[in-house]
Amino acid sequence: MTGYAVVLASEEFERVQAVSMISSVAASSDVPVEVFVTMNGLNAFETETVENRAFTGGRVAEAMMEADNESPLFTEQLEKAKAIGPLKVYACEMAMDVLGNELEDYVDVFDDTLGVSGFLNRAQDKQIIFV
């Protein structure tokens, strides 16, 4: 195994935040990570959603949104980690097509778009984590 390939298919804030934390720690430890954001996972990355902090989630999400703490948002964690280690974040082309969205509709964390076959090609030597 030469790293992790993370499939993020949920828009639930706790899951998105967890993916960013796990991916950030791995990348900062020089472990290659490829994150593929697909299906409802893309909703959390829409610019309007992030700007309004209109995330869906449970008690932890509510507490994090209400708390005035120093815990960085998933977008900030991913950007910082990409500057430190081997981390790439991709948006799913098919899900974007279904939603009628372009890459410009999302916060600027995506390196590019990929289809499922492209992601699987990149993930073939990595441990796959589905969230």
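Modeller: Two strands are said to pair if DSSP finds at least two bridges between them. Strands (E, at least two residues) and helices (H or I, at least four) are DSSP runs, numbered from the N terminus. This is a predicted model, in which local features need pLDDT of at least 70 and side-chain atom pairs count only at pLDDT 80 or more, while totals for chains, interfaces and linings use all residues. Residues are numbered from 1 along each chain as its sequence is written, and side-chain values use heavy atoms, leaving out hydrogens and water.

Biologist: How do you know that strand S1 (residues 4–8) and S5 pair?

Modeller: Four bridges in the parallel sense join S1 and S5, and the definition asks for at least two, so the strands pair. One of the partners in S5 is Ile-129, which bridges to Val-6. S1 also pairs with S2, in the parallel sense over five bridges; there, Tyr-4 has Val-33 as its bridge partner.

Biologist: What makes S4 and S5 the edge strands?

Modeller: The open sheet has five strands in the order S4-S3-S2-S1-S5, with parallel pairing. Strand S4 (112–114) and strand S5 (127–130) each pair on one side only. Neighbouring strands are turned by 30° against each other on average, direction ignored.

Biologist: Which strands does H1 touch as it packs on this sheet?

Modeller: H1 touches S1, strand S2 (33–37) and strand S3 (87–92), where contact means heavy atoms within 4.5 Å. The direction of H1 makes about 165° with that of S1; such angles run from 0 to 180 degrees between N-to-C directions, and axes are lines fitted to C-alpha atoms, for helices over the stretch in contact.

Biologist: Why is H1 called roughly parallel to H4?

Modeller: The axes of H1 (residues 13–28) and H4 (residues 74–84) come within 9 Å and cross at roughly 15°. That angle makes H1 roughly parallel to H4, because angles under 35 degrees count as roughly parallel (over 145 roughly antiparallel, 65 to 115 roughly perpendicular, the rest oblique). Residues of H1 that include Phe-13, Val-16 and Met-21 meet residues of H4, among them Phe-74, Leu-78 and Ile-84. The residues of this contact divide into eight nonpolar, six polar and no charged.

Biologist: What makes S2 largely enclosed by the rest of the structure?

Modeller: Five of the five residues of S2 are buried, so S2 is largely enclosed. Buried means under 20% relative accessible area, exposed over 50%, and partly exposed in between (1.4 Å probe, protein chains only). Val-33, Val-35 and Val-37 point one way from S2, whereas Glu-34 and Phe-36 point the other way. In a regular strand the side chains alternate between the two faces of the sheet.

Biologist: Is Asp-30 buried or exposed?

Modeller: Asp-30, in the loop between H1 and S2, has a relative accessibility of 61% and therefore counts as exposed. Met-39, in the loop between S2 and helix H2 (47–52), has a relative accessible area of 45%, so Met-39 is partly exposed.

Biologist: What is the phi of Asp-30?

Modeller: Phi of Asp-30 is near 65°, a positive value in a residue other than glycine. Met-39, which is not a glycine either, has a positive phi of about 45°. Most residues other than glycine have a negative phi.

Key: Nonpolar A, V, L, I, M, F, W, Y, C, P; charged D, E, K, R; others polar.
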